[in-house]
Amino acid sequence: EHPVRGTIQPLDFVPLLEDTGLIVPVGRHILWEACEWAAEMQRAIPRDPPLSMAVNVSACQLQRPEFIQEVRAALESTQIVPSSLTLELTESVMMQDMEVSLMRLNALRELGVKLAIDDFGTGYSSLNYIRSLPVDILKIDRSFLADPNPEVEHLTSAIIQLARIFNLKSVAE
């Protein structure tokens, strides 16, 4: 909250956090807060499967070897079920250093968290890499849903079908 401008949207401040390197401590804090809040919700509203939480992850976070331990520590400390945490990464984040990204994504999957490709369709969208990435969810970018063009509607249907082919859950933003 800004005292004059009011609520500032992530699109306005996240690039600044990334440029200054502050995305790492802020991202770590957000991960912990989200896991603590998820634990609180799961205790207050027990159900099977437990309520879930999704957290966006930046390229800077994913490229750091400590990130896996930070996620592990947050899960252990809050005692949430790992599968109730979804880490959302954009296509461009995963493509920063494909070898390192695959290594980190596989390590995260071993922890039991879910992985989502966020804003799908706005980045690389290579069928080969989608097939090879250890992800669970394709989040279709909202621009596909807001466009009244019939061609875009068909494209959105094709993305949903693509998710089914790869045994992925599809989510519309």
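User: Is asparagine 167 buried or exposed?

Analyst: A residue is called buried under 20% relative accessible area, exposed over 50%, and partly exposed in between, with a 1.4 Å probe and protein chains only. Asparagine 167 is exposed, with a relative accessible area of 70%. Please keep in mind that this is a predicted model, in which local features need pLDDT of at least 70 and side-chain atom pairs count only at pLDDT 80 or more, while totals for chains, interfaces and linings use all residues. Residues are numbered from 1 along each chain as its sequence is written, and side-chain values use heavy atoms, with hydrogens and water left out.

User: What is the phi of asparagine 167, and where is asparagine 167 found?

Analyst: Most residues other than glycine have a negative phi, and most peptide bonds are trans. Asparagine 167 has a positive phi, near 55°, and is found in the loop between α9 (150-165) and β5 (169-172). Helices (H or I, at least four residues) and strands (E, at least two) are DSSP runs, numbered from the N terminus.

User: Which strand holds aspartate 119, and what is the phi of aspartate 119?

Analyst: Aspartate 119 lies in strand β3, which covers residues 114-120, and the phi of aspartate 119 is positive too, near 55°. With a relative accessibility of 22%, aspartate 119 counts as partly exposed.

User: Where does a cis peptide bond occur?

Analyst: The cis peptide bond in question joins aspartate 48 and proline 49, with omega at about 0°. Proline 49 is placed in the loop between α2 (23-44) and β1 (53-56).

User: How many helices and strands does the protein chain have, and what pattern do they follow?

Analyst: The secondary structure comes to 9 helices and 5 strands, and read along the sequence the pattern is α-α-β-α-α-β-α-α-β-α-β-α-α-β.

User: How does the radius of gyration of the protein chain agree with that of a compact globule?

Analyst: The radius of gyration is taken over C-alpha atoms, and the globule rule is 2.2 Å times the number of residues to the power 0.38. For 173 residues a compact globule would have a radius near 16 Å, and the protein chain, at 17 Å, agrees with that. Along the principal axes, the C-alpha atoms fill a box of roughly 45 × 45 × 35 Å, and 39% of the 173 residues count as buried.

User: What share of the contacts joins residues at least 24 apart?

Analyst: A contact means heavy atoms within 4.5 Å. Among contacts between residues at least 6 apart in sequence, 70% join residues at least 24 apart. As a separate case of positions apart along the chain, glutamate 91 and threonine 122 are 31 residues from each other, and their C-alpha atoms are separated by 8.0 Å. Glutamate 91 belongs to helix α5 (residues 91-95) and is buried, with a relative accessible area of 2%.

User: How many disulfides does the structure hold, and what is the nearest cysteine sulfur to cysteine 35?

Analyst: A disulfide is a pair of cysteine sulfur atoms within 2.5 Å, and the structure holds 0 disulfides. Cysteine 35 is in no disulfide, and the nearest cysteine sulfur, that of cysteine 60, is 20 Å away. Cysteine 60 is likewise in no disulfide.
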